[in-house]
Structures are given as structure tokens and as C-alpha cells.
Number of protein chains: 2
Amino acid sequence: MLRTHTCWELWKDNIWEEVKLCGWVSNWRDHGWIIFIDLRDRYGLTQIVFDPEDDKTSWEKADKFRSEYVIQIKWKVRSRPEWQENKNLETWKIEVIVNKAKMLSKSKTPPFEIDEFTKANEEIRLKHRYLDLRRKPVLDNVLFRSKFLNFTRNWFSQKDFLEVQTPIFTVSSPEWARDYLIPSRINPGKFYALPQAPQQYKQLLMVGSIDKYFQVAPCFRDEDPRADRHACEFYQIDCEMSFVDQKDIFEVVESYMADVVEALTSKTILWWKFHSMTYDEAMETYGSDKPDLRYDMELVDVMDIFEKSTNEIFSGIAKYKEQNRIKALKVTNWDNLFSKTQMKNFEKYVRQYGAQGLGYFQMKEDWLKWPLNKFFTEEDLNEIISRTDLKVWDVVFFWAWEKNTVLNYMGRFRIHLESLIGLTNKDILAFCWITDFPMFSESEIDWSIDFEHNPFSMPKWWLSAFENKDLLSIKWVQYDLSCNWFEVLSGSIRNHDIETLVKAFEMVWRTEEEVKEKFWAMYEAFQYWVPPHGGFAIGMDRFMMILKDEDNIREIYAFPKSGKAQDTMMNAPSIVDKAQLDELHIEVKEEDLN
Amino acid sequence: MLRTHTCWELWKDNIWEEVKLCGWVSNWRDHGWIIFIDLRDRYGLTQIVFDPEDDKTSWEKADKFRSEYVIQIKWKVRSRPEWQENKNLETWKIEVIVNKAKMLSKSKTPPFEIDEFTKANEEIRLKHRYLDLRRKPVLDNVLFRSKFLNFTRNWFSQKDFLEVQTPIFTVSSPEWARDYLIPSRINPGKFYALPQAPQQYKQLLMVGSIDKYFQVAPCFRDEDPRADRHACEFYQIDCEMSFVDQKDIFEVVESYMADVVEALTSKTILWWKFHSMTYDEAMETYGSDKPDLRYDMELVDVMDIFEKSTNEIFSGIAKYKEQNRIKALKVTNWDNLFSKTQMKNFEKYVRQYGAQGLGYFQMKEDWLKWPLNKFFTEEDLNEIISRTDLKVWDVVFFWAWEKNTVLNYMGRFRIHLESLIGLTNKDILAFCWITDFPMFSESEIDWSIDFEHNPFSMPKWWLSAFENKDLLSIKWVQYDLSCNWFEVLSGSIRNHDIETLVKAFEMVWRTEEEVKEKFWAMYEAFQYWVPPHGGFAIGMDRFMMILKDEDNIREIYAFPKSGKAQDTMMNAPSIVDKAQLDELHIEVKEEDLN
């Protein structure tokens with residue numbers, strides 16, 4: 001062993017012990033004759049003292065040490081004189097004096113400073129990630145991920161979930177996102193696909209009687225990278241259970257969330273908000289299916305009041321209650337918050353989403369002089385004030401238009417306003433279940449109707465759901481868990497009944513043949529006594545971003561891909577030898593390279 | 001919740017409780033009026049009693065239940081009458097009577113019987129693995145794998161190893177086995193490779209100051225499948241440590257092996273054999289670098305005796321001590337063991353390896369009449385007897401030829417003999433470290449010399465190793481752990497010194513430029529204060545085969561690939577749409593498809 005202790009272990013108890021330490025020189029200081037070094041490893045720092053009176057040779061070596069050198073030192077632990085005590089070091093009560101020192105490896109000048117607050121840009125950091133990893137914030141994330149994985153796996157194991165490693169080489173199912181493909185050498189002209197998620201496998205496990213499954217599953221989707229989505233591979237906490245209903249699954253998840261947050265963070269769950277609302281409720285109230293519930297600012301429906309307006313545009317929009325919406329959004333204490341310029345910017349903001357404009361006004365003492373006065377009776381104005389609970393200096397925004405536009409963009413505007421005001425507290429987690437997602441959606445291009453999500457969920461009321469001829473109003477037993485404006489979990493009770501499954505396809509003009517062809521393992525398996533089942537997947541990386549207050553998903557990985565889906569450190573992807581491609585029975589389309 | 005308990009939980013304590021159970025009908029019996037069912041789930045069995053006097057409707061339904069139906073039942077637990085107690089059931093002291101029963105899903109006739117001793121062939125079983133999983137031996141392996149993973153990860157985590165998930169999308173390094181490649185959509189003409197092992201990443205983690213790393217790492221090599229090697233993907237317990245020497249690593253591994261064997265198996269480790277021998281010793285003594293030490297049968301060197309023989313072939317071979325070997329292999333109590341036909345078969349066996357023949361004879365009381373008598377003096381014969389410790393009826397085999405041929409094939413013959421005699425005990429694990437592997441080997445084709453394994457290990461004595469001009473005798477600080485004729489672990493102390501690394505390449509006429517080009521992340525990283533480090537990887541699947549006495553690696557997986565690297569259940573690999581290939585800038589070479 002090159003060391004007897006780490007740079008974290010030594011303490012008052014070790015005084016006068018003989019020790020060997022290894023690590024990186026983190027801070028070199030020459031105090032007159034004596035040289036001080038903070039020796040650093042993964043665990044922490046220990047002060048090392050080179051005194052020529054202790055050992056001249058070591059002291060001479062130390063004179064040449066510089067930041068980041070890897071060294072090994074040997075001798076005794078001693079108490080640090082009170083006047084030198086350094087409160088910043090965890091092991092500040094001791095230091096180690098040296099009678100033998102050794103440089104373990106050499107170096108050239110590094111491309112950036114290894115300290116907490118480096119100014120190096122992300123490109124340089126990723127290219128030399130092995131150096132970046134030595135920086136405390138990066139190392140902290142690696143430590144956190146390791147702890148998180150261990151805690152999560154133990155949690156599910158202790159609750160009798162079996163961990164099953166599902167195949168990484170599987171079959172292409174281009175229904176959803178784009179697949180990554182792997183040409184097969186042994187089976188010419190054929191391709192494996194990497195799994196977008198172990199969805200089918202976990203359902204087959206249920207058929208196989210493994211009634212509680214989990215896995216920290218690697219998933220692969222060939223999508224364009226963005227800040228909250230990692231390129232190439234990502235991980236989800238994947239889970240499935242037999243003989244359960246939605247309530248059972250919610251209990252498991254809520255219990256896990258409570259435990260993981262308590263064990264690994266200092267954050268607080270807003271339990272009184274950890275409830276469930278339907279997709280429709282979430283859209284109407286927050287304009288989002290992943291609302292941030294750390295603050296209120298609800299969208300208030302004022303259609304019925306505007307219908308009575310003398311303004312024909314307002315009353316015209318308000319007449320079509322199904323298709324349109326008029327929503328009010330209140331911000332308290334305007335005067336302290338926004339400038340005239342900001343007000344102009346709000347208008348710009350909504351215009352980019354196609355809005356004609358944004359109605360707004362401030363509640364002043366002389367509210368009867370409002371611009372809206374001419375369109376409403378005093379009674380109606382009073383109704384608006386009371387419904388949105390307006391106080392003096394509050395401001396209220398209105399938006400009237402086609403339903404989906406109003407909801408989506410009032411939702412975004414709510415987030416935008418919040419980001420300006422800063423209402424959110426990072427230490428608070430506001431979870432909320434969103435349930436009853438629509439089964440089908442309508443294409444914006446040709447108004448055709450197709451599955452909104454994957455087709456394996458159970459419709460509410462099973463087969464009888466399809467008695468409803470308004471397809472867009474049929475709901476799945478499908479749920480998301482939202483947290484602070486992120487979707488952290490998605491799942492459903494599955495459609496285990498082959499008749500209902502086929503019927504669901506037929507509702508959108510697809511055939512049993514297609515089900516058979518595209519999902520033939522599931523189709524076949526579901527012929528043989530399949531238990532009712534359901535499950536979920538937690539977007540692990542995104543969840544960790546929330547727990548660690550990181551805005552960039554790359555910081556959650558030890559070796560992340562860049563925004564261009566490249567590993568600049570390893571130089572992946574790369575051009576390969578033609579001989580390799582020949583063996584795989586493929587060739588590159590040269591015309592694509594220009 | 002569709003059930004209140006599993007089919008394992010109910011016991012005397014639950015008598016007269018109202019319960020709901022779900023599961024598969026595993027055994028349907030009609031005893032006169034009353035119908036008995038063993039209800040099965042992942043956990044076990046519970047006997048269910050349908051009595052028309054309890055509830056006629058349920059009883060009528062039960063009359064139509066058959067094996068494997070998924071049902072739900074409800075009512076009361078009662079004590080089982082003594083005379084009906086069934087010792088085969090774990091919950092044999094109780095049974096459940098029914099006042100409500102429900103069939104949860106329908107089925108068609110399954111392709112094979114779901115029982116422990118199915119006669120279905122592997123092809124059918126794998127195609128319907130979701131049914132096969134319900135069989136106890138298969139389910140047991142899934143359970144074992146889950147426990148094994150959990151135990152292993154906790155073991156390393158508790159010892160302060162950090163789990164790091166290294167990238168699955170990386171760069172091709174065709175130096176070793178064949179890579180699996182993934183065409184990049186965003187980077188036309190470029191390919192990712194799946195990692196054959198996280199070797200480079202784990203070494204980069206060491207540079208990044210993460211001094212204790214582990215991962216149950218998915219690895220990918222495009223090799224032809226065989227019984228102890230899974231197609232496409234496999235898993236290794238991957239580990240790396242900084243500031244250690246070989247002894248430290250052995251301590252970690254031995255402690256892990258002891259703990260995992262004790263916690264999860266009823267096997268016994270032969271601790272007195274858990275020692276270390278060099279590669280050369282292993283080859284000379286057992287003709288294998290993964291010797292099975294559960295039995296002795298050592299190869300005994302008799303070169304010096306044969307050198308004195310009057311037979312010129314013997315003495316001629318014995319003269320070249322470096323190039324040749326003459327080895328003796330003793331089997332005790334011949335008479336009880338082999339027939340004349342077997343003796344003939346032995347000759348055939350060795351001939352397939354190019355041997356001219358196999359000398360052998362039996363120790364009888366009139367040993368002076370041996371066929372060898374004419375070539376040896378009585379004194380030399382006595383020496384052979386004493387060196388191989390021959391007793392009456394023992395048989396001894398001799399083989400004389402070129403060194404590597406003799407060692408390799410005497411090693412194989414040793415295993416072959418054992419398989420006939422059956423000396424091994426499956427409940428015993430004989431671990432042994434094999435150390436000091438040769439650094440370079442000579443090509444059989446053109447006698448060129450190149451790295452025997454990956455070039456990242458440290459040569460013994462660092463740079464000064466290369467003062468030895470006999471390249472083939474230079475050794476790495478590299479080690480394997482063998483167990484019962486399997487290699488279960490491989491590792492080394494790494495070459496962290498860039499000068500020594502480059503020199504190693506130069507020794508076999510390769511250049512610093514090549515190191516830079518092929519391993520550029522490592523080459524670059526090793527410029528910056530890299531700590532001394534080393535590690536290992538445990539072949540997890542193979543190790544589990546030993547622990548579970550499985551001869552076929554596919555039984556260790558929930559969803560294995562077939563011998564042709566196919567997933568017949570999912571139909572992978574498959575032909576994909578041309579549009580998908582277009583997006584990836586590749587096309588299939590049509591001429592390869594015929």
C-alpha cells in the first residue's frame with residue numbers, strides 16, 4: 001500500500017502515529033524556511049509541513065513541488081499550533097511532518113486551473129474531463145450519483161423488487177423516437193436496435209410472473225441534444241408491478257421520493273401539494289402538464305364575464321366555450337416588480353406565440369378609470385376583481401383566443417413572469433401527480449387522430465371506453481409525476497387485455513395485423529394468462545438535476561457527451577476502417593459526406 | 001390492490017383473516033365435490049379450496065379453471081386438517097376458502113408445459129421466454145442474479161468504492177476483439193463503438209482523483225457465441241484503485257470472494273489453495289493458466305531422467321531444455337478406472353493435437369518388465385517411480401515434445417482424464433492467483449512479437465524491464481484469478497508512466513505517434529500527474545455460472561441471445577427500413593445478402 005490513510009482520516013487521535021499519505025499538491029506555501037502543502041485526495045485535505053530541520057532532502061524536493069503534483073510523503077502526525085489553526089480544513093487540528101517525500105509522477109502545464117471556480121469554458125473542461133473531475137463541484141456530482149444509485153437500488157431491493165438487466169441489443173421499434181442501430185456481422189443485412197426503454201421487456205417479465213421488477217436502465221434515443229436531455233444514452237429508474245392499480249403505484253413512488261429526498265438532500269417536500277390532478281385540470285389551471293406548484297399564480301377562467309362585454313371581439317371569443325378560452329393571470333404588487341420596458345417586452349413575448357396582444361392593467365385606487373371600463377358594467381368589473389382577488393397595485397393579465405394556444409402560452413407566460421420575480425425556492429420540491437392523459441391526439445398537419453403516447457396503456461373503463469365516439473376525450477390510466485416544472489416520472493396501468501389492445505389500434509384505423517407485426521412478442525405473450533400490471537419510469541438524470549440544482553444535464557455525468565453528441569475527450573464518434581464496415585456488410589453513403 | 005398477500009406470506013398467524021390472493025393456477029384437483037388449486041406466484045404456493053357449500057358461483061368458475069390461468073380469489077384463511085397436510089408446500093399449515101373468484105385473463109394453449117422438468121428444447125423456451133420464466137429453475141436464476149447484483153454493489157459501496165457509469169457510446173479500438181459499431185446521424189460518416197470494457201475510462205477516473213471506482217459494467221464484443229460467452233452484451237464487475245500495489249488488490253478480491261460465497265451460496269472455498277503462482281509455474285505444473293485445483297494430478301518434469309535414456313528420441317528431446325518438455329502425469333488406481341477402449345481413445349485424443357503418441361504404462365508388481373525397461377537403468381526407473389510417487393496399479397502417462405505443445409495438451413489431457421474419473425466436487429471453489437504474465441508473445445504465423453494482452457499494464461521493474469533483450473521473458477504486473485478451470489478475474493497494475501508506456505510500444509517496433517493516435521485520451525491524460533493505479537474485472541456471468549452450477553451461460557440471463565446471437569422472442573436483429581439507414585448515412589452491401 002502506498003498510503004496508510006487518506007487525506008481525511010487523520011485527526012487528533014492519530015497524533016504521533018507514523019503515516020504514509022499520497023495525493024495531489026493543492027496549495028503550496030513558502031513561509032520563510034518552512035514549506036506548507038495542502039495535500040488533496042478524493043476525501044479531503046491534510047496539511048503537510050516540510051521543515052529542513054526534519055529532513056533536508058525532502059524539504060529540497062518540496063521546494064520544487066507545484067500545484068497538482070502527485071506526491072507520497074511519510075512521517076508523523078502532530079498537533080497543529082493553535083495560532084496556525086486553519087478553520088477551512090476539515091482536518092485542521094493536525095498536520096503531518098515529513099522525513100521522506102517522493103514525486104509519483106510528472107506533468108506538463110495543465111490546460112486550465114484545477115479549482116472550484118475555474119473560468120475554463122465547457123469545451124476545454126470536457127476535452128480534459130479527467131482534470132475537470134478533480135474539481136470539487138464535479139467530484140461532488142460523481143459522489144452524489146454513486147450514492148443516489150446505491151440508495152435507489154437498495155430501496156427497491158428491500159421492498160422485494162427484483163433487479164433484472166434487460167437486453168441492450170434488441171429490435172427496432174421506430175414508432176417512437178429514432179432508434180440507434182447496430183449492424184449485425186453474423187446476420188448480414190440485419191440490424192439490432194438499442195432500447196429506447198425496456199418497456200416491452202418489463203411487461204414480458206410480468207407475464208413471466210416476476211411481479212415486482214426494477215432496474216436502473218440505460219436507454220437510447222437518437223434525438224437532438226438539449227440542456228435537459230443527454231445525447232446518446234441516458235438512465236431511467238424503471239419499475240413494473242403486477243396485480244396493482246394506480247393507487248398502489250402512487251404509494252410506492254411517494255414513499256420512495258420521501259425517502260430519497262430525506263436521505264440524500266436537505267430539500268423539503270411540499271407534502272400538502274403532493275396530490276393528484278387530471279391532465280385537463282393542470283392545463284386549465286397552470287397551462288402545463290408539469291406545473292411548478294411552488295407558487296400559485298393560477299390561470300383564472302373569466303369567459304363568462306367577458307361574454308357579457310360590449311366589446312364584440314371579447315364576447316365573440318367567449319361565445320365558443322369548447323374551442324376558446326379567456327384566462328386571467330394575476331401578479332401581486334406590480335409597482336415593485338416591473339418597468340415600462342418590461343411591460344413592452346411582455347407584449348413582444350406573447351406576440352412570438354402568435355397572440356394579437358396581451359390585455360393587462362394595474363389595480364389602482366381609481367380603478368373605475370380602467371381601460372376596460374368601456375366594455376364592462378361596474379358589476380362585471382367587480383366580478384373580475386373578486387374572482388382574481390385583486391388588491392391595489394396588483395396587475396392582472398388577460399389572454400383570449402383558441403383554447404390550446406391560450407393554455408399553452410399563458411402557462412409559459414406564468415413561468416416567464418416567475419423567472420423575473422423569482423418566487424421559487426430551490427430548497428422546496430413541489431411534486432404533483434398528473435393523471436388521465438388523453439389517449440389520442442389530433443395531428444396539426446392533417447387532423448388525423450393517432451396515439452398520443454405509447455399504445456400500451458389501459459384506457460379508462462377498458463373496452464367500454466370506446467363506446468365514446470369523441471376519440472379525443474377518451475383517457476388512459478396514465479400518469480406523470482411533475483416536480484418544479486419538470487416531468488420526473490411517467491407511467492401507466494398497462495393494457496393487458498389483448499382484445500382491448502387490438503380495439504385501441506382499430507379505433508385509429510390500424511389493424512390487428514399491425515399490432516402482430518410491430519409488437520409480436522407482446523402480442524404473442526399476451527395470449528397466455530397475463531396478469532394485470534402497471535409501472536413507471538423515473539427520468540433519473542433530470543431528477544438528479546433537480547436534487548443537485550444543476551441547470552445542465554451534462555454536469556450529472558462523469559463523462560458527458562457534448563451538445564453535438566460527441567465525446568471530445570475520446571474523439572467519438574470517429575471514422576472507422578473500411579475493413580470494419582465490410583465485415584458488417586454496410587458502407588457509408590459517400591454523397592452524404594459533402 | 002388486487003391482493004392483500006402473496007402466495008407465500010400466509011401462515012398460522014393469519015388464520016380466519018380475510019384475504020385476497022392473485023396468481024397462476026399451478027395444480028388443479030377435483031376431490032369429489034371439492035376443487036383444490038395450488039395458487040402460484042413468484043414467492044411460492046398457497047392451497048385454495050373451492051367448496052360449493054362456501055360459494056356455489058366461485059365453485060362453478062373454478063370447475064373451468066385450468067393450469068396457468070391467472071385468477072383472483074377472496075375469503076378466509078383456515079387451518080388445514082392434519083390428514084390433508086402437504087409437506088411439499090411451504091405454506092402447508094393453512095389453506096384459503098373462497099367466496100369470490102375471478103379469472104383475470106384468458107389464454108390459448110401454451111407451446112410447452114410450465115413445470116420444473118420441461119422437455120421443451122431451448123429454441124422453444126427462448127422464443128417464449130416469458131413463459132419459461134415461470135419455471136422454478138429459470139426464476140431461481142433471475143432471483144439469484146438480482147441478489148448477486150445487490151450484494152456486490154453494496155459490498156463495494158460500503159468499502160468506499162464509487163460507482164461510476166462510464167459511457168456506452170464510445171470510440172472504436174479495434175486492437176482487441178471486434179467492435180460493435182453505431183452509425184452517427186448527426187456526424188455523417190462517423191461511428192460510435194460500444195465499449196469492449198471501460199478500461200480507458202476507469203484509468204481516466206484515476207487521473208481524475210477518484211481513487212476507488214467500481215461498476216457492474218455492460219461490455220460488448222462482436223465475437224462468435226459459445227457456451228461460456230454470451231452474444232452481444234455481457235457484464236463485468238469492473239474495479240480500479242489508486243495508490244495500490246498488487247497485494248492490496250488481492251486483499252480486496254479475496255475478501256469480496258469470501259463474503260459473496262458465504263452470503264449467497266453453500267459452497268466452500270479451499271482457502272489453503274487460495275494462493276498465488278506465476279504463469280510459468282501454472283503452465284509447468286498444470287498445463288493451464290486457469291488450473292482446476294480441486295484435484296492434484298500435477299505434471300511432473302522428467303526431462304533430466306529421460307536425458308539419460310538410451311532411446312535417442314527421448315534423449316534428443318530432453319537435450320533442448322529451453323525449447324522442449326517431457327512431462328509425466330499420474331492417475332491412481334487405473335484398474336478401477338479405464339478400459340482398453342478408453343486407452344485407445346486417449347491416443348486418439350492426443351493425436352488430434354498433433355502428438356505422435358502418448359507413452360503410458362501401469363505400475364504392476366513386476367514393474368521391472370515395463371516397456372520402458374530397455375531404455376532406462378533400474379536406478380532411473382526408480383527415480384521415475386519416486387518422483388511421480390507411483391504405487392501399484394497407478395498409471396503414468398508421458399508426453400515429450402516442443403514445450404508449448406506438451407504443456408497445453410498435457411493440461412487439456414489432465415482435464416479430460418478428470419472428466420472421466422469425476423474427481424471434482426461442485427461444492428468446492430478452488431481459487432488461485434496466476435501472476436507475472438508474459439508481456440509479449442510471438443506470432444505463430446510470422447514469428448513477429450507483439451503485446452500478449454492489452455498494453456496498459458506495468459512491466460515488472462518498470463523501464464528497467466526493457467534492459468532484458470529476451471522480450472518473451474519480460475513479465476507484466478498482471479494477474480488472473482482462476483477458479484475451478486475458469487478464469488473469473490483479470491487485472492493488472494497499470495503503466496501510469498508515459499515514458500515506460502511509450503518504451504513498451506517501441507520495444508515491438510511501434511511508435512509514440514501510434515500510442516498518441518490510438519489511445520489519445522490516455523496519452524494526453526497521462527501527461528498530467530497521474531497516480532499509480534491498478535484494478536481488475538470479474539467476468540460476472542461466468543462467475544455466476546460457477547456459483548449456480550450452470551453449464552450454459554444463457555441460463556444466467558433473463559432474456560438471453562441464442563447461439564446465433566439472435567433474440568428469437570423479439571426477432572432481433574431484423575431488417576430495417578431504408579429510410580432509417582438513409583438518415584444514418586449508410587447502406588447495406590447488397591452483394592453480401594446472397
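Student: Leaving aside its neighbours within four places in sequence, with which residues is Lys93(B) in contact?

Tutor: This is a predicted model, in which local features need pLDDT of at least 70, side-chain atom pairs count only at pLDDT 80 or more, and totals for chains, interfaces and linings use all residues. Residues are numbered from 1 along each chain as its sequence is written, with chains lettered from A and ligands numbered from 1 in the order in which they are written.

Beyond its neighbours within four places in sequence, Lys93(B) is in contact with Trp11(B), Lys12(B), Ser79(B) and Arg80(B); contact requires that the C-beta atoms of two residues, placed from the backbone, lie within 7 Å. Of these, Trp11(B) lies 82 residues from Lys93(B) in sequence, yet their C-alpha atoms are 6.8 Å apart. Lys93(B) belongs to the loop between strand 4 (70-79) and strand 5 (94-105) of chain B; strands are DSSP runs of E with at least two residues, helices are runs of H or I with at least four, and both are numbered from the N terminus.

Turning to the two chains together, 105 residues of chain A are in contact with 106 residues of chain B. On the side of chain A that touches chain B, helix 4 (residues 136-158) gives the most, with nine residues. Strand 24 (residues 586-588) of chain A also pairs with strand 24 (residues 586-588) of chain B, in the antiparallel sense over three bridges; pairing requires at least two bridges found by DSSP. There, Glu587(A) has Glu587(B) as its bridge partner.
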